[in-house]
Amino acid sequence: MSDKPGIEKHRIDYQKSILLESQAALNPFEQFNVWLKEAETAGIQDFNAFTLSTVGSNGFPHARIVLLRGIDQGGFVFFTNYTSNKAAELDFNDKVCANFFWNVLERQVRLYGVARKISEAESEAYFNSRPRENQIAAWASPQSREIRTREELDEGVQKFTREFENKPVPKPPYWGGYRIIPHYYEFWQGRPSRLHDRLIYKGDSDFEWFMYRLAP
Ligand SMILES: Cc1cc2nc3c(=O)[nH]c(=O)nc-3n(C[C@H](O)[C@H](O)[C@H](O)COP(=O)(O)O)c2cc1C
């Protein structure tokens with residue numbers, strides 16, 4: 001047995017920051033941008049990663065990490081394969097929950113919204129900015145489908161590397177982005193003794209936001 005304390009004893013008293021109504025932005029988008037920037041400045045690897053939860057036809061929630069690639073038009077953009085499991089779930093049910101956790105800042109942001117496919121032109125513009133190897137990978141990987149071996153994946157990479165030799169790699173028709181338009185945000189700031197700050201922004205049908213606090 002290790003003499004290090006186990007998970008039942010592992011405990012951090014959060015005290016890096018506070019989140020008061022008086023200092024929070026009136027608009028959650030602005031508040032999110034402030035925190036995202038601070039996560040980047042703090043040097044967090046994958047500061048733009050978030051857990052995306054979807055619920056498909058079997059009623060089970062599914063969660064996985066994806067990377068935030070844009071914040072615009074009131075929404076949060078990520079990219080994926082439109083034939084993946086997540087995309088099948090989004091076809092069935094466009095409601096999502098997104099969760100950002102920036103542990104060194106003792107912060108969590110949770111948002112709820114609907115995810116809509118972005119335009120082909122937007123997806124193409126982003127795809128064209130990706131490293132060539134990643135572009136080839138999008139062709140070679142049938143995301144979320146069973147493959148027999150690792151070699152099968154590598155062979156796919158070789159095949160598409162040959163196919164697109166000396167040519168720009170086009171965006172696969174089944175690859176693109178979604179924009180999550182949130183109607184609810186929660187900003188969570190860890191505080192000492194488990195008395196954390198939780199500020200909610202709820203949007204009405206005109207996207208006017210009102211803020212309130214929840215008990216931790
Ligand atoms: C740090 C990190 C970043 C990731 N970024 C993405 C991403 O931007 N898009 C994506 O489709 N998958 C991304 N993945 C992989 C997903 O977590 C997941 O394995 C994949 O999308 C298949 O999910 P699905 O079968 O539920 O569709 C990332 C995983 C990690 C750990």
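1. In strand β9, Trp209 is the bridge partner of Gly203. The model is a predicted one, in which local features need pLDDT of at least 70, side-chain atom pairs count only at pLDDT 80 or more, and totals for chains, interfaces and linings use all residues. Residues are numbered from 1 along each chain as its sequence is written. Helices (H or I, at least four residues) and strands (E, at least two) are DSSP runs, numbered from the N terminus.

2. Strand β8 (residues 197–203) pairs with β9 in the antiparallel sense over five bridges; two strands count as paired if DSSP finds at least two bridges between them. The two strands form a hairpin with five residues between them, and Phe207 in the turn has a positive phi of about 60°. Strand β9 (residues 209–213) has five residues, of which the number buried is zero, so β9 lies largely in the open. Here a residue is buried if 20 or more other C-beta atoms lie within 10 Å of its own, exposed if 12 or fewer, and partly exposed in between, with C-beta atoms placed from the backbone.

3. As to the overall fold, the protein has five helices and nine strands, in the sequence pattern α-β-β-β-β-α-β-β-α-α-α-β-β-β. Its C-alpha trace spans about 60 × 60 × 40 Å along the principal axes. Of the 216 residues, 24% count as buried. Among contacts with a separation of 6 or more, 62% join residues 24 or more positions apart; a contact requires that the C-beta atoms of two residues, placed from the backbone, lie within 7 Å.

4. The largest nonpolar core has 34 residues. Such a core is a set of buried Ala, Val, Leu, Ile, Met, Phe, Trp, Tyr and Cys residues joined through C-beta atoms within 7 Å. Phe78, Ala98, Val109, Tyr178 and Ile180 have the most contacts inside it, and strand β7 (residues 175–189) gives the most to this core, with six residues. Leaving aside neighbours within four places in sequence, Ala98 is in contact with Phe50, Leu52, Phe76, Leu111 and Ile180.

5. Helix α4 (residues 132–140) contains Ala138. The buried residues of α4 are Gln135, Ile136, Ala138 and Trp139. They cover an arc of only 150° around the axis, which puts them on the same side of α4; the arc is that of the directions from the helix axis to the C-beta atoms. On the other side of α4, Glu133 and Asn134 are exposed. The cover over the buried residues of α4 includes α3 (120–128), α5 (150–163) and β7.

6. Ala138 itself counts as buried because it has 20 C-beta neighbours inside 10 Å. Apart from its neighbours within four places in sequence, Ala138 is in contact with Pro172 and Trp175. The C-alpha atoms of Ala138 and Phe160 are separated by 9.8 Å, the two residues being 22 residues apart along the chain.

7. Around the ligand there are 15 residues, of which Thr80, Ser84, Asn85, Lys86 and Ser144 come nearest. A residue is near a molecule if its C-beta atom, placed from the backbone, lies within 6 Å of it. The elements giving two or more residues to this shell are β2 (61–67), β4 (75–81) and α2 (85–92), and the largest share, five residues, comes from β2. The shell divides into six nonpolar, six polar and three charged residues. In this scheme Ala, Val, Leu, Ile, Met, Phe, Trp, Tyr, Cys and Pro count as nonpolar, Asp, Glu, Lys and Arg as charged, and the others, Gly among them, as polar.
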